[in-house]
Amino acid sequence: MTHPTPPGTRDILPDEMRELRRLESALVSVFEANEYGEVSTPTIEYQDVLALGDQRGAPTAHRFFDEQGDLVAMRSDMTIPIARLVSDRFADADPPFRFFYVGKAYRAVRPQRGQMREFTQAGIELVGADAPQGTAEVIAVLASALDAAGLPRAVIGLGHAGFYRRLLEELGASAEATQSVLDRLAEHDLVGLEADVRRLDLGKRETETLLRLPALRGGREVLDEARALGGDAVARATARLAETVDALEERGAAERVRVDLGLLRDLGYYTGAIVEVYDPALGHILGGGGRYDELMSRFGRPLPATGFALFLERLHVAVAEEERLAREQPAGSEQQEGAS
């Protein structure tokens, strides 16, 4: 007789646990080398605190009443609790604040989707540093963390959270239609996106712009292609992304970054540059993050901020898959690939 665990959870046995600890140690070494200090927050928070940070994201957490009758929830990410922590515990301290964490988070899952209900996030938050330099610092730390994890092929996608929303607003789309399009982008559902865009009943050029932009991915030349499509919202967002790319080039951290104008995160507090991490050996997103310059003001201390979180378990699978591919790769093929 077996005793199943809830969907999206699993047991971890000693060999894998040792590997996860080594991976965690490698990431922590990078964070500490960049002068980020470790913090830990409660696994459960008051529901109204989480909702203050992100009304759309809060319902995905697991909620229950405590012994006092207060509604509490298991955190669904680490950014909102750290925003609360900065407001409460560093109210009189001078920014910027550099924190890192390694901790469990919890989200509701959809049946048959293979989603994680319980997972470990390892990441950093830089609070009190403006864009583009603050953004570039965080992305540079992310690149170093991926190298330390053993994922030199991992790619960092770079987009802008307000890019599509503002473009749709300029084109006169309703709030309901706008949200539907944004949801499609966050789910990477390009087929559904096309259907939603065509239902907007816009002109031919506007429709073409909305459909072409999500497919634009690559180096900074992508920004020129986007500007050629026109629109004030496009011009403003590409200008901000160009500043971030410039700052990354100054740090020598732009090589593994790919501009992705179809990128959108599924959390509602992002306001500017956003990132997502993926590796060619694995089909799942390894992590992501971005700027959340308005979140701190909801907790009473307006400060610019940015950060990222990596899913430790997915990193582990990606590393194992990269090692398997390396073992199976014919001799000499690595050099040929690099030469191309």
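This is a predicted model: local features need pLDDT of at least 70, side-chain atom pairs count only at pLDDT 80 or more; totals for chains, interfaces and linings use all residues.
How many of the 10 residues of strand S6 (residues 118-127) are buried? Nine are, so S6 is largely enclosed by the rest of the structure.

1. Overall composition. The secondary structure of the protein comprises 13 helices and 12 strands. Its radius of gyration is 21 Å, close to the 20 Å given by the globule rule for 340 residues, so the protein is as compact as a globular protein of that length. Along the principal axes, the C-alpha atoms fill a box of roughly 60 × 60 × 50 Å.

2. Burial, surface and contacts. Of the 340 residues, 49% count as buried. The protein exposes about 17,000 Å², of which carbon and sulfur atoms supply 48%. Among contacts between residues at least 6 apart in sequence, 69% join residues that are at least 24 apart.

3. The nine-stranded sheet. Nine strands form an open sheet with mixed pairing, in the order S1-S5-S6-S12-S11-S10-S7-S9-S8. Strand S1 (37-38) and strand S8 (217-218) stand at the edges; each has a single partner strand, so one side of each is left without a neighbour in the sheet.

4. The neighbours of S6. Strand S5 (residues 97-106) pairs with S6 in the antiparallel sense over 10 bridges, and Phe-97 stands opposite Val-127 in S6. S6 is also joined to strand S12 (residues 305-311), by seven bridges and again antiparallel. In that pairing, Ile-124 has Phe-308 of S12 as its bridge partner.

5. Geometry and burial of H10. At 1.5 Å a residue, the 20 residues of helix H10 (residues 232-251) should span 28 Å; the end C-alpha atoms lie 29 Å apart, which agrees. The buried residues of H10 are Ala-233, Val-234, Ala-237, Thr-238, Leu-241, Ala-242, Thr-244, Val-245, Ala-247 and Leu-248. Their cover includes helix H4 (133-149), helix H5 (163-170) and helix H9 (221-229), together with strand S7 (155-160), strand S9 (257-260) and strand S10 (273-278). Just after H10, Gly-252 takes a positive phi of about 70°.

6. The three-stranded sheet. A further open sheet consists of three strands in the order S2-S4-S3, with antiparallel pairing. Strand S2 (44-46) and strand S3 (63-65) stand at its edges, each with a single partner strand, so one side of each is left without a neighbour in the sheet. Direction ignored, neighbouring strands of this sheet are turned by 35° against each other on average. S3 and strand S4 (residues 71-74) run antiparallel and are joined by three bridges; the bridge partner of Phe-64 in S4 is Val-72.

Note on methods:
Residues are numbered from 1 along each chain as its sequence is written. Side-chain values use heavy atoms; hydrogens and water are left out. Buried means under 20% relative accessible area, exposed over 50%, partly exposed in between (1.4 Å probe, protein chains only). Helices (H or I, at least four residues) and strands (E, at least two) are DSSP runs, numbered from the N terminus. Two strands pair if DSSP finds at least two bridges between them. Axes are lines fitted to C-alpha atoms, for helices over the stretch in contact, and angles run from 0 to 180 degrees between N-to-C directions. The expected span of a helix is 1.5 Å times one less than its number of residues. Contact means heavy atoms within 4.5 Å. The radius of gyration is taken over C-alpha atoms; the globule rule is 2.2 Å times the number of residues to the power 0.38. Accessible areas come from the Shrake-Rupley method with a 1.4 Å probe; for residues, only the protein chains shown count as cover.
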